[in-house]
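The following paragraphs lead the reader through one structure, from its overall make-up to individual side chains. Please keep the model in view while reading.

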Amino acid sequence: MANNSQSNKYLIFLELLFYAALPYAIWKFGREPFGDYAAMLLSTVPGIIYTVYRFAKDRQFNVTGLFILGSMLIGTTVDLLSGSAEQMIWNNVYLGLFYTLLYVILFIIKKPFPLYVAIDFAYLQGYARKDSKTLFFQKGIFGWFQLIQLVFIVRGLVMAGITVFLLRKYGIDSYGDMLIYKRVASWVFSGILTGMFFYISVVIQKYTKRLKEMNEQKIQEPEVVTE
């Protein structure tokens, strides 16, 4: 337990360093020599490097990992094609809302993205994808994944809202504050999602235990002989 706690603190420190502290420092001290747009582009580099590192380290060659890598490549392409610092921020808002729309569509068609994240995680634990998918689509479990999907949607709207509010009120100068506020908001939502995934794991354990007991009971029941 102590090792897990220390590991989590280390990961939080790395996220703070690569997603907030370093980008903020590059933006703050790079604006004057490089200009707003170049400084903003450079501020995304630490996050890209850390994302690639985690992708390679965790070997997430699955739905979750490919989504993360694909999102990073799309985001980088959008940043490079934006042409100006302010347009880059707006394009990221539009991109974030596009992903949120995808989450809404997946929610409507009942294919929640968190369910496939859970399948990938279960696969890494040694469980077959087909078995996990069948289990997670059970009535008593599936609804929780839909609820988590709603949190994904709310998170996307909140992130976009923070960006738009700060940009409209304070202009491009608020970019540094955006990095900090959005990272804090990201941690809050990550905490909520982690708690929900933990709870759903308890629900799954109870469901599988009950199912196992029912199967054992059927095996132990004597056969009824009819004449």
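In what order do the elements of the chain run from the N terminus on? The sequence of elements is α-α-α-α-α-α-α-α-α. This is a predicted model, and its chain contains nine helices and zero strands. Of the 227 residues, 33% count as buried. Among contacts in the chain with a separation of 6 or more, 70% are accounted for by residues 24 or more positions apart.

Which residues of α4 are buried? They are Thr64, Gly65, Ser71, Met72, Gly75, Asp79 and Ser82. Because these residues cover an arc of only 130 degrees around the axis, they lie on the same side of α4. Leu66, Leu80 and Leu81, on the other side of α4, are exposed. After the helix comes Gly83, which has a positive phi, near 90 degrees.

Thr51 is located in helix α3, which comprises residues 45-58. With a relative accessible area of 14%, Thr51 lies under the 20% limit and is therefore buried. When neighbours within four places in sequence are left aside, Thr51 is in contact with Tyr19, Ile68 and Met72. With Tyr19 the contact includes a polar one between the two side chains, at 2.9 Å. The side chain of Thr51 also reaches the backbone oxygen of Gly47, at 2.7 Å.

The aromatic residues form a further theme. The structure holds 15 aromatic pairs. One of them joins Tyr103 and Phe113: the ring centres are 6.1 Å apart and the planes stand at 40 degrees, a tilted arrangement. Since Tyr103 belongs to helix α5 (residues 85-108) and Phe113 to helix α6 (residues 113-124), the pair ties together parts that are 10 residues apart in sequence. Both Tyr103 and Phe113 are buried.

Tyr103 also pairs with Phe152. Why is the pair of Tyr103 and Phe152 edge-to-face? The centres of the two rings are 5.3 Å apart and their planes are at 75 degrees, so the pair falls in the edge-to-face class, for which the angle must be over 60 degrees. This pair links distant parts of the chain, with Tyr103 in helix α5 and Phe152 in helix α8 (residues 139-170), 49 residues apart.

How accessible are the two partners? Tyr103 has a relative accessible area of 10% and is thus buried. Phe152 counts as buried because its relative accessibility is 8%. On the face of the Phe152 ring, Arg155 lies at 4.8 Å from the ring centre.

Phe67, Phe98, Tyr99, Tyr103, Phe113 and Phe152 form one aromatic cluster. Among its members, Phe113 is the tilted partner of Tyr103, and Phe152 is the edge-to-face partner.

Methods. Residues numbered from 1 in each chain as written. Predicted model: local features only at pLDDT ≥ 70, side-chain atom pairs only at ≥ 80, totals over all residues. Heavy atoms only, no water. Buried < 20%, exposed > 50% of the residue type's maximum accessible area, 1.4 Å probe, protein only. Helix = DSSP H or I, 4+ residues; strand = E, 2+ residues; numbered from the N terminus. Arc of directions from axis to C-beta. Phe/Tyr/Trp six-rings, centres within 6.5 Å; stacked < 30°, edge-to-face > 60°. Lys NZ or Arg CZ within 6 Å of the ring centre and 35° of its normal. Polar contact = N/O pair within 3.5 Å; in protein donor to acceptor, adjacent residues only side chain to side chain. Contact = heavy atoms within 4.5 Å.
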